[in-house]
Structure formats: C-alpha cells, structure tokens
Amino acid sequence: MTDFTADDHRFMAQALRLAERGAWTTRPNPMVGCVLVASGEVVGEGFHVQKGGPHAEVVALQAAGDRARGATAYVTLEPCAHTGSTGPCADALIAAGVSRVVAAMRDPFPQVDGAGFDQLRAAGIEVESGLMETQARALNRGFLSRIERGRPWLRIKLACSIDGRTAMANGDSKWISGDASRADVMRWRARAGALLTGSGTVLADDPQLTVRLNEDTPFAVPLRVVLDAGLATIARGNVRDGAAPTLYVHAHDTKVPHGFDAPRVSMPRGADGQLDLHAVLATLGEGGINEIQVEAGATLSGAFLRAGLVDELLLYVAPMLLGERGRPLFDGLGIDTMAQRLHLQTIETRQVGDDLRLLLRPKPAS
C-alpha cells in the first residue's frame, strides 16, 4: 500500500474541492478536479465544468503551460483513455511531460476502467491511486451508482414536524419548513439529474418541480419525472410549464389519450399492481441519470423504501407539532415490532434557518 505524504493529502483535498464545483453542471459526467504541483508549488488546477467541455486535467495543463513538465498531477478520478466528447486525458498528461499521477480512484466506466493507468505507466509515468478514495466515491456517488449498479442514486426529500408529520389530515402542508430550508432544497435539486414525483402529489399539489436559483448561477436543468401508471395527471399543467423537460412514466396496459404528446415511457407493473420501481430506475439510469431526488407523498416514498431503493433521506425537521392526526413520513412499511424497525445512519446534521436538516442513509442489514 502506498504511503502518501501530508502534501499528497493536501493537494488531493484541493482537487476534491475543485471537483465539487461542478456538482450542478457536469452530469451525466462525473465531477473531477485536478491539481498540478511542481517543486511543492501549485502550477495549474482545474475542474470539469460540463459534458463536451475540457476535462479537469486539460484545464489544469492549460493553466500550467510549460511548468507541467516534471510535475505531479493530483486527479480525483482515473484519467480517461478513450475519445468521447473530448480527447483522452491520459494522452494530454503524457504529452505535457508530467512525471507522476496520483488518482483518488479508478474509473469504473467500461471504456476507462484501468486503461488510463495502463497508458500512463506504459509512457513511464509513475501512477499511484487510492488516496482519499472514500471521499472521491462519496462525491460521485450518483455517477458510480449508475455505472456500478445500473441505476441512479436515489434521495428522498421530506419535511416534517418534530413529531414526524408531513401535513395535516386534510393534506395542508404549507409551510412546514421555513424560507431558508426551501432555498436549500433548490441547491439539492440543482445537483439531481431528475426530480421525481407521483400522481398523487401532482393531483393534490400541482407542483412545478423546478430549480429556482439566482439567475447568475449556472446549473444543468433536471428532468422532471412523473410516475403515473394510469396517466391520471395529464390535465395538471405546472409540472409541464417552463423550460424543464418532463417525462411521464405509465403502465404498459394504460391507454394513452388521443393527442397526448408529452415525452413518456411505459413500464411493467409489479406484483402489487403498481409500477415496477426497479424497472423505472434502470430505465432512468440507461438515460444517463446519476441522481434522483424524490419529492412525493408518504405512499410513493414508502414504496421506494420497501423496495430497498432509497440511498439517502434529506429530512428537514421544523420546530412545530402537528399532532397525531397529521400525515406520516411513510406509508405501508408494515412495521409491527421493534425487530422490524429500519435503522438509519446520520451522515450530516445542520441547522438551516429555524429547521434542522438531517442527511440519513439506511444501514446495511447486519
């Protein structure tokens, strides 16, 4: 195992911070950062901004110029060795004359997957990997989920009172979370490739499901996805207004109304008669979606949780009580005993305005 120095850690941490700057724009590509160091001094740095644009290594090499010769390149993901929208980064590093490449992790994308490292070593460049790999994997959890598991990373966003209620019995939920939390949700939406909801939420609330940020803030517009087995929501207009694209997912056996021309895809029904959620996620993954943010009611949220498809919960807890008649976070979990309880791991806790924001992930079964 490589013994990385304190400087190695410092420069890789800098590369990871750079990579994260592309969180709202790079998809479906991974976030990548690169730092070039010569004689202990940073001579060039960069990150991948968007698909079709220069990769992080190329941006850093352009900034470094002739100073890249003999330098060490710290990069958060294995340099690519294939031609896609741009040329191979491994070739660019070789041509620039770097002497050492330190990568946080190997790229599991089939057209790379070790080929970049092999090409660099064949050119006589020292290659080391595995430095801060845990942090690099966490950063690109959506991309890695799509490549390694064949489906996007799925996050459910919910807001509740401190007694775990998401709405009053009549469905009234405006507003449980405060202004600061609702603004924070927009930033999480901006990093998602798709914003997904169900027919019940569309019929009850007619949501927009858009990202509303400062006009000067760049982001890639997420796809809006409506799970509507019977196409019961097509008269609701907000989810199709604006520049954001919308995809309807309906059942194979649903008769499509004449004249309905919105983008749509049909799916099989599961054993419960509802849409097969595994098939839905696989299809969205094939379409290049890395991360999905679900913003739906207790029924659909509970269905994803029962299916074992929830990777994390983004929960905003407001300092209020709604009482025992309020609506719960999840329906249909069928938990009757303590032995059946679902264990969650707290990844992050943060105060957002008056609310508490929790990022939670299901614990693996022991």
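Let's start where helix H3 passes helix H4 in a right-handed crossing, a crossing being right-handed if the near helix is turned clockwise from the far one by less than a right angle, and left-handed if anticlockwise. Before going on, a word about the model: it is predicted, so local features need pLDDT of at least 70 and side-chain atom pairs count only at pLDDT 80 or more, while totals for chains, interfaces and linings use all residues. Residues are numbered from 1 along each chain as its sequence is written, and side-chain values use heavy atoms, with hydrogens and water left out. Helices (H or I, at least four residues) and strands (E, at least two) are DSSP runs, numbered from the N terminus.

Back to our pair of helices. H3 covers residues 89-96 and H4 residues 115-122; they pack at an angle of about 20°, with their axes 9 Å apart. Axes here are lines fitted to C-alpha atoms, for helices over the stretch in contact, and angles run from 0 to 180 degrees between N-to-C directions. On the H3 side, Ala90, Asp91, Leu93 and Ile94 meet Gly116, Gln119 and Leu120 of H4, where contact means heavy atoms within 4.5 Å. These residues divide into four nonpolar, two polar and one charged. In this scheme Ala, Val, Leu, Ile, Met, Phe, Trp, Tyr, Cys and Pro count as nonpolar, Asp, Glu, Lys and Arg as charged, and the others, Gly among them, as polar.

Next, look at the sheet. Nine strands form an open sheet with mixed pairing, in the order S11-S10-S9-S8-S12-S6-S13-S16-S15; two strands pair if DSSP finds at least two bridges between them. Strands S11 (264-267) and S15 (344-352) stand at the edges with a single partner strand each, so one side of each is left without a neighbour in the sheet. From one strand to the next, the twist averages 25°. Within the sheet, S6 (residues 153-161) and S12 (residues 291-294) run parallel and are joined by four bridges. Ile156 has Val294 in S12 as its bridge partner.

Two helices can be followed from here. Helix H6 (residues 141-149) lies across S6, S12, S13 (312-318) and S16 (355-362), running at about 130° to S6. Its buried residues are Arg141, Gly142, Phe143, Leu144, Ser145 and Arg146, buried meaning under 20% relative accessible area, with exposed over 50% and partly exposed in between (1.4 Å probe, protein chains only). Just after H6, Gly150 takes a positive phi of about 75°. Helix H10 (residues 298-306) is mostly covered, with seven of its nine residues buried. Those buried residues pack against S6, S8 (194-198), S9, helix H9 (277-286), S12 and S14 (327-328). After H10 comes Gly308, with a positive phi near 70°.

Finally, some backbone details in the loops. Most residues other than glycine have a negative phi, and most peptide bonds are trans. Leu231, in the loop between S9 and strand S10 (246-251), has a positive phi of about 50° although it is not a glycine; Leu231 is also buried, with a relative accessible area of 5%. Asp206 has a positive phi too, near 50°, and sits in the loop between helix H8 (199-205) and strand S9 (223-227). Arg27 and Pro28 are joined by a cis peptide bond with omega about 10°, and Pro28 is found in the loop between helix H1 (6-20) and strand S1 (33-38).
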